[in-house]
Amino acid sequence: KLLIPIIELPLKTDDVRGFSIFSDVSMIVLNENDICSVKLFSLFHEVYHLLKRTSGICSIEIEQEMRKKISEIQKKFQELNPDIKWVEEKNLHLTLKFLGETKENLVDDISHILEEIASTTKQFIISIENVGLFPDRKFPKVIWFGVSIGKEELKTIANRIDNTLTKLNFKKENRQFSPHLTIGRFRSNRNIDSLLKKINEERFDKPFFIKKILMLLDLFTFQ
């Protein structure tokens with residue numbers, strides 16, 4: 001039998017819909033403010049994570065000053081009232097590799113691999129460039145900042161992570177790594193024309209140093 005306590009708490013709506021904890025005693029926490037259908041979706045999602053142990057990504061930490069600047073630009077876009085789920089300032093990161101479902105007993109091994117790669121990588125500068133949309137401007141799904149300076153260094157790190165993690169039976173990426181920083185995900189194209197005009201006006205050329213490579217564990221947000 002699988003006995004899992006389920007707790008409902010007044011979680012901040014834009015923060016997280018639910019999360020799970022895997023330990024000697026596992027549990028699932030849901031947002032008590034959600035409607036029943038969302039709670040049910042979150043419940044099954046978190047049960048899956050408990051059965052699989054966890055999931056995560058390898059990423060670059062973004063400096064606090066840079067987070068604030070990006071957040072300021074997000075607020076300019078928000079004034080136009082587009083239908084976008086924005087990434088919160090504290091959750092901004094630059095993904096190097098998505099790990100997917102990951103067993104807990106591999107977390108230490110992954111951390112050691114990241115430590116080895118970080119310790120043998122010289123500090124370098126990254127510069128965030130203009131805003132982009134994926135897959136295109138007609139039917140966008142994601143809004144992001146691209147990387148200009150530091151792009152090749154990031155590709156090198158991402159490739160090292162991708163190649164080394166095959167030792168732990170992680171699959172190699174099928175597509176070429178393209179460094180970017182996601183700042184939001186579209187729900188619909190509401191006010192898209194006004195947003196596109198504003199995007200063309202925004203520029204971001206402040207560089208920052210890369211200081212940490214992190215492994216982030218999953219916190220599920222309902223889109």
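Me: Which residues have the most contacts inside the largest nonpolar core?
Reply: They are F77, L96, I110, I143, L154, L165 and I183, in a core of 42 residues. A nonpolar core is a set of buried Ala, Val, Leu, Ile, Met, Phe, Trp, Tyr and Cys residues joined through side-chain atoms within 4.5 Å. This is a predicted model, where local features need pLDDT of at least 70 and side-chain atom pairs count only at pLDDT 80 or more, while totals for chains, interfaces and linings use all residues. Residues are numbered from 1 along each chain as its sequence is written, and side-chain values use heavy atoms, with hydrogens and water left out.

Me: What is L165 in contact with, leaving aside its neighbours within four places in sequence?
Reply: L165 is in contact with C58, K97, L99, I110, I113 and F170. Contact means heavy atoms within 4.5 Å.

Me: Why is the pair of F77 and W86 called stacked?
Reply: Rings of Phe, Tyr and Trp (its six-membered ring) pair if their centres lie within 6.5 Å; planes under 30 degrees apart count as stacked, over 60 as edge-to-face and the rest as tilted. The centres of F77 and W86 are 6.3 Å apart and the planes are at 25°, so the pair is stacked. A search of the whole structure finds 1 aromatic pair, and both F77 and W86 are buried.

Me: Why is N169 called exposed?
Reply: The term buried means under 20% relative accessible area, exposed over 50%, and partly exposed in between (1.4 Å probe, protein chains only). N169 has a relative accessible area of 71%, so N169 is exposed. N169 lies in the loop between α4 and β9, and its phi is near 70°, a positive value in a residue other than glycine.

Note on methods. Helices (H or I, at least four residues) and strands (E, at least two) are DSSP runs, numbered from the N terminus.
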